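Here's a quick tour for anyone meeting this structure for the first time. Have a look at the model below, then read on.

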Amino acid sequence: MTVVANVLIGLVALIHLYIVVLEMALWTTPRARAAFGTTEEFARESKTLAANQGLYNGFLAAALIWGLIAADPAGFQLKLYGLACVIVAGLYGAVTSSKRILLVQVLPGGLALLFLLLSR
């Protein structure tokens, strides 16, 4: 169970690193605009806000990666904290932005959390 949990946590961290790149570096590109359903004008106007949001996604990824590297009990606590934050942020995003976030963020985070808890 621990291996499955760690693989899923690594996947969640990678998803959030990809989101960091989209929000901080590629926000105005066609790829990022398609991913987030924004117009060219909106992307230009919201570039600074998106970068700020990307920074927060980077913090989530950092907590998960640190949790994978750190020894227990700190490693477990970081993974638990990071996954809880991912799930809460995803639920909020699904309510306020797009239901697609449930599949992209909440489902992987929830599965990783389930396997993390089962590994104890």
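In which helix is Asn57 found? Asn57 is found in helix 4; helices here are DSSP runs of H or I with at least four residues, numbered from the N terminus. Before going further, note that this is a predicted model, where local features need pLDDT of at least 70, side-chain atom pairs count only at pLDDT 80 or more, and totals for chains, interfaces and linings use all residues. Residues are numbered from 1 along each chain as its sequence is written, and side-chain values use heavy atoms, with hydrogens and water left out.

**Asn57 and its surroundings**

Asn57 is buried, with a relative accessible area of 10%. Buried means under 20% relative accessible area, exposed means over 50%, and partly exposed is in between, using a 1.4 Å probe and protein chains only. Setting aside neighbours within four places in sequence, Asn57 is in contact with His16, Ile19, Val20 and Glu23; contact means heavy atoms within 4.5 Å. Asn57 and Val21 are 36 residues apart in sequence, yet their C-alpha atoms are 9.7 Å apart in space.

**The core**

Now for the inside. The largest nonpolar core has 15 residues, and Ile9, Val12, Leu64, Leu83, Val86, Ala112 and Leu116 touch the most other members. A nonpolar core is a set of buried Ala, Val, Leu, Ile, Met, Phe, Trp, Tyr and Cys residues joined through side-chain atoms within 4.5 Å. Helix 1 (2-24), helix 4 (47-69), helix 5 (74-96) and helix 6 (101-118) each supply at least two residues of this core. Helix 1 gives the largest share, five residues. In soluble globular proteins, nonpolar side chains tend to be buried together. Leaving out neighbours within four places in sequence, Ile9 is in contact with Leu64, Leu68, Lys79, Leu83, Ala112 and Leu116.

Helix 5 has 23 residues and reaches 33 Å from its first C-alpha to its last, close to the expected 33 Å; that expected span is 1.5 Å times one less than the number of residues. Its buried residues include Gly75, Phe76, Leu78 and Lys79, and what covers the buried residues of helix 5 includes helix 1, helix 4 and helix 6.

**Salt bridges**

How many salt bridges does the structure hold? There are two, a salt bridge being a side-chain nitrogen of Lys or Arg within 4 Å of a carboxyl oxygen of Asp or Glu.

| Salt bridge | N to O distance |
|---|---|
| Glu40 and Arg44 | 3.8 Å |
| Arg120 and Asp72 | 3.6 Å |

Arg120 lies in the segment after helix 6 and Asp72 in the loop between helix 4 and helix 5, so this pair ties together parts that are 48 residues apart in sequence. Arg120 is exposed at 59% relative accessible area, while Asp72 is partly exposed at 49%. As for the other pair, Glu40 and Arg44 are four residues apart in helix 3 (residues 40-45), so about one helical turn separates them. Arg44 counts as exposed at 53% relative accessibility.

**A loop residue**

Ala70 also lies in the loop between helix 4 and helix 5 and is partly exposed, with a relative accessible area of 22%. Not counting residues up to four places away in sequence, Ala70 touches Gly75 and Leu78. Ala70 and Ser97 are 27 residues apart in sequence and 34 Å apart in space, C-alpha to C-alpha.
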